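Please look over the sequence and the model shown here before reading the notes on strands, helices, a loop residue and the surface.

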Amino acid sequence: MFKGSKVRYEKIALIGIGNIMFHDEGLGAYLVKYIEKNYHIPENLTVVEGGTLGFSLMTYYQEFDKVIIVGTASKKGDVGSIYSESSEEVMAQSTTRQTANEVEITMMLEICSFHEDMGEVQLISMVPEDISEVRNGLTDSVLSHMPKLVEATLEELENSGISLHRSFCRSTSFETIIEEYANPKMSDYN
């Protein structure tokens, strides 16, 4: 799907962004929860549900060798189309960014690019169906494309020197992740 050479990084952050209150906007948050539940996470990988943390995510750009951000794209294309862009490509297209997350990511990249200690940043995004309706969960069309987004994310991690291995003792579906995450119960916190 995406071409790249394998490079080994010491510290990698995988950040899923998006507001789960706006339907498909939360796909990045659901993706990282899915990976946390279904894969063994090595010590050099930090998985972050970045949700709507915005500018507070900027510290990851400076503290990690590589940051992989997963979220929605406002690009033209069919629902479920997946794009992978470097920080340079993201900044070059800053005038075409339409969502709050895209604008914040671009601004953070521009600010951090002035610092020498910024890690490599890769943005993996999917074209959503609906990011305006106030509703927890994903549309059926986006949900059907989530396995492709997992595959693209695992491939980027592999190109970064991290091979995630599926946990055989448990398997949690996206539907379960969405239900638990979008509709938390007090018993989940005890």
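Two strands are said to pair if DSSP finds at least two bridges between them, and the helices (H or I, at least four residues) and strands (E, at least two) are themselves DSSP runs, numbered from the N terminus. This is a predicted model, in which local features need pLDDT of at least 70 and side-chain atom pairs count only at pLDDT 80 or more, while totals for chains, interfaces and linings use all residues. Residues are numbered from 1 along each chain as its sequence is written, and side-chain values use heavy atoms, with hydrogens and water left out.

**Strand 1 and its partners**

- In strand 4 (residues 66-72), Lys66 is the bridge partner of Ile12, and strand 1 and strand 4 pair in the parallel sense over five bridges.
- Strand 1 also runs parallel to strand 3 (residues 45-51), to which six bridges join it, and here Ile12 stands opposite Leu45.
- Strand 1 (residues 12-17) is mostly covered, since six of its six residues are buried, where buried means under 20% relative accessible area, exposed over 50%, and partly exposed in between (1.4 Å probe, protein chains only).
- Ile12, Leu14 and Gly16 point one way from the strand, whereas Ala13, Ile15 and Ile17 point the other way, and all are buried.

**Helix 1**

- Helix 1 (residues 27-38) is largely enclosed by the rest of the structure, because nine of its 12 residues are buried; among them are Leu27, Tyr30, Tyr34 and Asn38.
- The 12 residues of helix 1 should span 16 Å at 1.5 Å a residue, and its end C-alpha atoms are 16 Å apart, which agrees; the expected span is 1.5 Å times one less than the number of residues.

**Arg135 in its loop**

- Arg135 lies in the loop between strand 6 (120-126) and helix 5 (140-159), and at 46% relative accessibility it counts as partly exposed.
- Leaving aside residues up to four places away in sequence, Arg135 touches Ile20, Met21, Phe22 and His23, contact meaning heavy atoms within 4.5 Å.
- Although Arg135 and Phe22 are 113 residues apart along the chain, their C-alpha atoms are separated by 5.5 Å.

**A nonpolar surface patch**

- Phe55, Val103, Met107 and Ile111 form a nonpolar patch on the surface, with about 300 Å² of accessible area together, the areas coming from the Shrake-Rupley method with a 1.4 Å probe and, for residues, only the protein chains shown counting as cover.
- Ile111, found in helix 4 (residues 100-112), is partly exposed, with a relative accessible area of 37%.

Conventions. Patches are made of residues with over 30% relative accessible area and no salt bridge: like charges are joined within 9 Å, nonpolar side chains (Val, Leu, Ile, Met, Phe, Trp, Tyr) within 5 Å. A salt bridge is a side-chain nitrogen of Lys or Arg within 4 Å of a carboxyl oxygen of Asp or Glu.
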